[in-house]
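Have a look at the structure first.

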Amino acid sequence: MKRILALLLLLYCAPRARAADGRAEEGPSIRVAIARNSPSLKLKTSSRVYAQDVKTGQKYLLLERSAYEIKASAGGISVAGQQLSSPIKLLSSDGQERIRLGGNLYKGDILIRASGADKLDIIEYLPLEDYLYGVLGVEMSPDWPLEALKAQAVASRTYALKNINPARDYDVTDGVEMQVYNGTARINSRIIDAVNSTRGEVLKYKGKLVTAFFHACCGGHTASVKSAWGEDVIKPLYGVPDPFCSRASHYRWELFVPAGDLLKFIQKQGSTALKIKAVRVYRKDRSGRAVSLRFTTDRGVKDAPVTELRKSVGNYEFRSTLITRISPVRGGYEFAGRGWGHGVGMCQEGAKAMAEKGRTYKKILHQYYPGASITDYD
Ligand SMILES: [Zn+2]
């Protein structure tokens with residue numbers, strides 16, 4: 001592979017306007033951390049790609065349809081054995097080309113930076129609207145009704161813009177802690193239509209962008225941002241009844257939790273108990289979600305936040321804090337509940353049901369972010 005790293009002397013072809021300089025040709029761009037503290041990465045090119053040493057400006061050609069290993073080494077970055085200083089940019093040769101990293105396709109420019117202790121951060125720079133194509137394909141199914149996809153496009157655009165922060169090294173991460181983004185592989189014509197037909201539209205409340213949270217299914221009532229994370233609540237994130245998601249497959253859940261796991265959990269919470277005698281919901285918020293549980297034990301009662309139990313059991317298995325029943329069963333307790341996710345903002349299953357009933361994306365957004373206006377960015 002060494003022969004294919006050719007030095008291009010500085011016959012500087014002007015980089016595309018969407019290069020890693022913060023702004024795209026049209027509309028805002030966004031910086032997505034697609035890996036953090038990664039020891040190395042395997043890059044596959046589907047076309048010619050330039051690796052540019054940002055400090056010197058020198059560009060190196062990576063040939064098309066080739067595989068390269070990129071590693072952190074000695075404070076710099078090694079590309080196919082060639083030592084470059086940090087950071088480097090990977091620039092595809094025109095807008096149509098793709099870079100494949102770890103199985104995902106990326107259309108934007110990539111910045112790779114040494115992040116201490118022989119690790120790399122990888123950040124993609126791309127126009128916001130291109131990023132949204134990628135988000136919609138994984139955060140909502142590409143097969144869902146168009147009006148639901150349009151509502152998701154506006155919510156995701158607003159959420160992304162709210163997180164743009166030039167003072168940080170990147171704007172958003174690509175995992176479930178923000179919005180899932182795996183590059184541009186799952187794009188279809190409906191997604192392109194949903195993003196393009198709502199281009200630039202965002203949710204604002206009193207002139208400010210709303211942090212447009214969303215989740216899979218609310219279970220009948222969305223949650224207040226205050227009870228979910230203790231953040232100051234504004235009207236669009238206060239929580240509303242949702243009559244639309246009750247036929248969703250994720251509307252109800254049940255989960256068996258072994259008594260031993262519950263005991264370990266309350267011991268971590270400071271209890272000296274050796275046996276749990278009963279468990280019940282102790283406090284609820286306005287939406288009906290459990291805030292705390294009360295454990296009756298051989299050493300008295302212990303109250304614990306349900307969000308901590310959910311984290312301890314697993315947020316995937318323990319689908320929500322909207323607990324409707326806790327029953328003692330052999331060897332543990334059976335929890336039953338409704339919904340999936342934190343419950344704040346738009347209920348995606350409800351959005352889907354509304355779209356199937358013929359409601360527009362604006363109606364959907366007004367249902368889940370009441371009081372917010374749908375307006376053009378800027
Ligand atoms: Zn719902």
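## Starting at Ala 35

Ala 35 counts as buried because 20 other C-beta atoms lie within 10 Å of its own. The cut-offs go like this: 20 or more other C-beta atoms within 10 Å means buried, 12 or fewer means exposed, and in between is partly exposed, with C-beta atoms placed from the backbone.

A quick note on ground rules: this is a predicted model, where local features need pLDDT of at least 70 and side-chain atom pairs count only at pLDDT 80 or more, while totals for chains, interfaces and linings use all residues. Numbering runs from 1 along each chain as its sequence is written.

## Who Ala 35 meets

Skipping neighbours within four places in sequence, Ala 35 is in contact with Leu 41, Leu 120, Asp 121 and Ile 122. Contact here means C-beta atoms, placed from the backbone, within 7 Å. Asp 174 sits 139 residues away along the chain, yet its C-alpha atom is 8.2 Å from that of Ala 35.

## The strand around it

Ala 35 belongs to strand β2, residues 29-38. Strands are DSSP runs of E with at least two residues, helices are runs of H or I with at least four, and both are numbered from the N terminus. Seven of the ten residues in β2 are buried.

β2 pairs with two strands mentioned here (pairing takes at least two DSSP bridges). With β13, residues 120-127, the pairing is antiparallel over seven bridges, and Arg 31 has Tyr 125 as its bridge partner. With β14, residues 172-173, it is parallel over two bridges, and Val 32 stands opposite Val 172.

## The whole protein

Zooming out, the protein has eight helices and 25 strands, and 44% of its 378 residues are buried.

Conventions
Contact = placed C-beta atoms within 7 Å.
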